[in-house]
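Please keep the sequence and the structure at hand while reading.

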Amino acid sequence: MGDLDIDGAHTRHLTPMEMGLGPSRLHDRGRREQIAQAHRLIGPTIMGRLSHVQYVSGVDPVFAGLHGYEDIGDGRSYRTTAACYYPCHLSGPRDRRVTTIILPVAEPGWTGVRTVVHELGHALDEVTRFEHDAAAVTRYAETNRREAFAEAFTAWVWEGDHRPALDTLALFRSLVWP
Ligand SMILES: [Zn+2]
C-alpha cells in the first residue's frame, strides 16, 4: 500500500476516549495532549470537517487486527509507524470502518503534535475528495501527491501562509471561511 501515508515513529494499547471526535482508543496521556494541541492549532472550522476521524494510539495495528498491512516498502513497518487509514484500508465490520489515525508509538512533544497535524492533513485530503494537487513543500512531500497535500497542510498550520502555493492556500482558506 504505497499510497498509505506514513511518518516517523516507534509502540503500546487501547482505550476508548473522546476528543470531541467520537469514540477513539487512546491510552497514553501524552498523545491525548498532543492531539488536543493539534486540534487547537488547526482550529474549529476545519476540525468540524474532520469530526468523523478516530484515533488509536499505543498499539501495533496489525497485532490488534485493525488491518493487514505490514511492510511500507522503505524499511519501515506499519506496526510502528504513524499513518492515516481510510475506510478501505481497515478490517472489521463495514459500519465500523471510518478514517482512523493510528499512532503506534509515542513521540516527544511537538514532534508528536506535528505528526497528528500531518495525519489530519491526509484525512482532509479525503474530505476534499483528493481533488487538489499541492506542490511539494518538503523533501518528504516529494514522495507522492498525498504526502504533498499532507505536508502542505502541515506547513500551513505550523508556519502560516507563506509556505503553500497560492492555489493550495486558497483551498485551505476556503475551508476556514467558506
Ligand atoms: Zn503522510
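## Helix α4

Of the 15 residues in α4, twelve are buried, so the helix is largely enclosed by the rest of the structure. The model is a predicted one. The buried residues of α4 are R146, E147, A148, F149, A150, E151, A152, F153, T154, A155, W156 and V157.

From its first C-alpha to its last, α4 reaches 20 Å, which is close to the 21 Å expected for its 15 residues at 1.5 Å a residue. G160 follows α4 and has a positive phi, near 95 degrees.

## Helix α5

Helix α5 spans residues 166-176, and T168, L171 and F172 are buried in it. These residues lie on the same side of α5, because the arc they cover around the axis is only 90 degrees.

What does the face of α5 turned away from its buried side carry? That face holds the exposed residues L166, D167, A170, R173 and S174.

## The loop between α3 and α4

Helix α3 covers residues 109-127 and α4 covers residues 145-159, and R129 lies in the loop between them. The phi of R129 is near 60 degrees, a positive value in a residue other than glycine. R129 counts as exposed because it has 7 C-beta neighbours inside 10 Å.

F130 lies in the loop between α3 and α4. Its phi is positive as well, near 55 degrees, and F130 is likewise not a glycine. F130 has 13 C-beta neighbours inside 10 Å and therefore counts as partly exposed; the limit for an exposed residue is 12 or fewer.

Strand β5, residues 81-85, is mostly covered, with five of its five residues buried.

β5 runs antiparallel to strand β6, residues 100-103, and three bridges join the two. C84 has I101 of β6 as its bridge partner.

G43 sits in the loop between α1, residues 29-42, and α2, residues 44-49. Is G43 buried or exposed? It is exposed, because 12 other C-beta atoms lie within 10 Å. Along the chain, G43 and V176 are 133 residues apart, while their C-alpha atoms are separated by 8.4 Å.

## The protein as a whole

The protein contains five helices and six strands. Their order along the sequence is β-β-β-α-α-β-β-β-α-α-α. Of the 178 residues in the protein, 40% are buried.

Methods. Residues numbered from 1 in each chain as written. Predicted model: local features only at pLDDT ≥ 70, side-chain atom pairs only at ≥ 80, totals over all residues. Helix = DSSP H or I, 4+ residues; strand = E, 2+ residues; numbered from the N terminus. Buried ≥ 20, exposed ≤ 12 C-beta atoms within 10 Å, placed from the backbone. Arc of directions from axis to C-beta. Pairing = 2+ DSSP bridges. Expected span 1.5 Å × (residues − 1).
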